[in-house]
Structure formats: C-alpha cells, structure tokens
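Here are my notes on this model, as numbered points. Please read them with the structure open.

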Amino acid sequence: MEIYFRAIISLFINLKNKIFFQGRYKANILQSFGPGFRVHMSGKDSKIEIGKKTVTRAGMQLRVEGGTLKIGNQCFFNTNMNITCVDEVTIGDYCQFANNIVIVDHDHDYKQGINPGLVSSPIHIGNNVWVGANAVILRGVTIGDNSVIAAGSVVRKDVPANTVLYQKREDNYKSFQ
Ligand SMILES: CC(=O)SCCNC(=O)CCNC(=O)[C@H](O)C(C)(C)COP(=O)(O)OP(=O)(O)OC[C@H]1O[C@@H](n2cnc3c(N)ncnc32)[C@H](O)[C@@H]1OP(=O)(O)O
C-alpha cells in the first residue's frame, strides 16, 4: 500500500518541480521519493535529470545553482542525502547511498579573502557504486564502476573501478580507572 502512496506523492512532487522549474527539471514518472524530498534550483542554466525508479528515504536535498545534476536509473538514497552542485555531478545506474552523505562539487576560494567566490570541478560516480554512511565526496572526484566507499570516508581523489576505498584510523583506548 505504502509503495502506491509513495508513487502518487512522487508523481505530484515531479509535477510540481516540472511546472516550477520548467525544462530545467526532468525526471521519469516512476519514482519513490521519501518525505522531505526537496529540490532547490537557481540560475537559468541549472538542470536536474533523474532516471527511473529512484528510491529515496527521508530528507533528500538537491541544490543546483547554475550546474547540472544527473542521476541514473534505479539508485537508492538513504536518509539525509545532500547534493550541492554548481558545476556538474553525475551518478550512474544502480548506485546505493547510505545515510548522511554529502556530495559537493565546489569549495569556497578561501585564499581570496573575505566573501570569496567558488572554485568548482565536476564529480562523476559510475554504475553500481555503494557509498557508506557519513561519506563526503568532494569536487573533482571520479568514482569508477562497482566501487565501494567505506563509511566515514572523505573522498578527495579518484577511486578506480572495482575497488574499496577505506581511510584507516587508529583505535585508541585509554583506561580511566
Ligand atoms: C544503502 C545502504 O548502504 S544502507 C547500509 C549502510 N552501511 C554502511 O554505511 C556500512 C559501510 N560499510 C563499511 O564501511 C565496511 O567497513 C566495509 C564495507 C568497507 C567493510 O569492507 P570489508 O572489505 O569487509 O573490509 P574489512 O572489514 O575487511 O576491513 C579492511 C580494512 O579496512 C578498514 N576499514 C573498514 N571499514 C572502514 C571504515 N569505514 N573506515 C576506516 N577503515 C575501515 C578495516 O579496519 C580493515 O583494516 P585492517 O586491514 O588494517 O584490519
């Protein structure tokens, strides 16, 4: 029952976004958007394309300010997924995203003093990529097909296809008794 309810809500969300953002928002009608799915778009060049059968849990936020965001078919986004795009972000088919993931394709150009501009570069995520909880994917990164990003990683460099990225941390235990 819930699946049909979600499909109907998603249809309305798509319709609202299509009317509001006109040709700049394209999404297949077959989606299952969770509560709090939000699209923010500013700038006439902003574009969002979403393939079919996207499933999102609560709190997915897509913010595009002059860039292009493309999400492929049959991707799953767990709670609190957050994508901010001023340049280009592409996600392939069959990708799985865990909770609290941030994808951001720009930095503040902090070396330029107060109120700096932005520096940006595209992010490309291949097909069948699994991203663990609390990962942050930074500008300029390409993640190859079938790769895994371990929970808590900050992805700053390209990840080859068919690999697991994990960033080792040391566990330290100090007794207080
Ligand atoms: C839609 C959804 O996805 S919902 C489910 C969400 N689930 C998650 O977010 C969980 C994500 N899972 C992980 O991060 C796991 O730790 C995995 C998948 C990376 C483990 O992969 P495995 O191949 O089994 O790795 P394994 O446990 O053998 O660890 C290999 C090494 O990586 C290290 N490692 C594993 N995970 C992490 C991590 N998240 N951060 C840092 N280091 C890690 C291990 O300590 C180990 O180091 P060692 O070789 O010095 O002992």
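**Notes on the ligand site, salt bridges and surface**

1. By class, the shell around the ligand holds eight nonpolar, three polar and two charged residues. Nonpolar here covers Ala, Val, Leu, Ile, Met, Phe, Trp, Tyr, Cys and Pro; charged covers Asp, Glu, Lys and Arg; the others, Gly among them, count as polar. Of the 13 residues around the ligand, the nearest are Trp-130, Ala-133, Ala-151, Tyr-166 and Lys-168. A residue is near if one of its heavy atoms lies within 4 Å.

2. On provenance: this is a predicted model, where local features need pLDDT of at least 70, side-chain atom pairs count only at pLDDT 80 or more, and totals for chains, interfaces and linings use all residues. Residues are numbered from 1 along each chain as its sequence is written, and side-chain values use heavy atoms, without hydrogens and water.

3. Next, the polar contacts (pairs of N or O atoms within 3.5 Å). A ligand oxygen sits 2.6 Å from an N or O atom in the Trp-130 side chain. A ligand oxygen is also 2.8 Å from a polar backbone atom of Ala-151. Arg-169 places a polar side-chain atom 3.1 Å from a ligand nitrogen. Taken alone, the ligand exposes 970 Å², and the protein buries 50% of that. Areas come from the Shrake-Rupley method with a 1.4 Å probe.

4. How many salt bridges does a search of the whole structure find? Three. The criterion is a side-chain nitrogen of Lys or Arg within 4 Å of a carboxyl oxygen of Asp or Glu.

5. Arg-139 pairs with Asp-107, with the closest N and O atoms 2.8 Å apart. This pair links distant parts of the chain, 32 residues apart: Arg-139 is in the loop between β17 (136–137) and β18 (142–143), Asp-107 in strand β13 (residues 106–108). Strands are DSSP E runs of at least two residues, helices H or I runs of at least four. Arg-139 is partly exposed at 29% relative accessible area; Asp-107 is partly exposed at 33%. Buried means under 20%, exposed over 50%, partly exposed in between.

6. Arg-63 bridges to Glu-65 at 3.4 Å. Arg-63 is partly exposed at 35%, and Glu-65 is partly exposed at 34%. Lys-44 meets Asp-45 at 3.8 Å, N to O. Lys-44 is exposed at 73%.

7. Finally, the surface. Ile-8, Phe-12, Leu-15 and Ile-19 form a nonpolar patch with about 440 Å² of accessible area together. Patch members have over 30% relative accessible area and no salt bridge; nonpolar side chains are joined within 5 Å, like charges within 9 Å. Ile-19 lies in helix α1 (residues 2–21) and is exposed at 61%.

Conventions:
Buried means under 20% relative accessible area, exposed over 50%, partly exposed in between (1.4 Å probe, protein chains only). A polar contact is a pair of N or O atoms within 3.5 Å; within protein, one must be able to donate a hydrogen and the other to accept it, and residues adjacent in sequence count only if both atoms are side-chain atoms.
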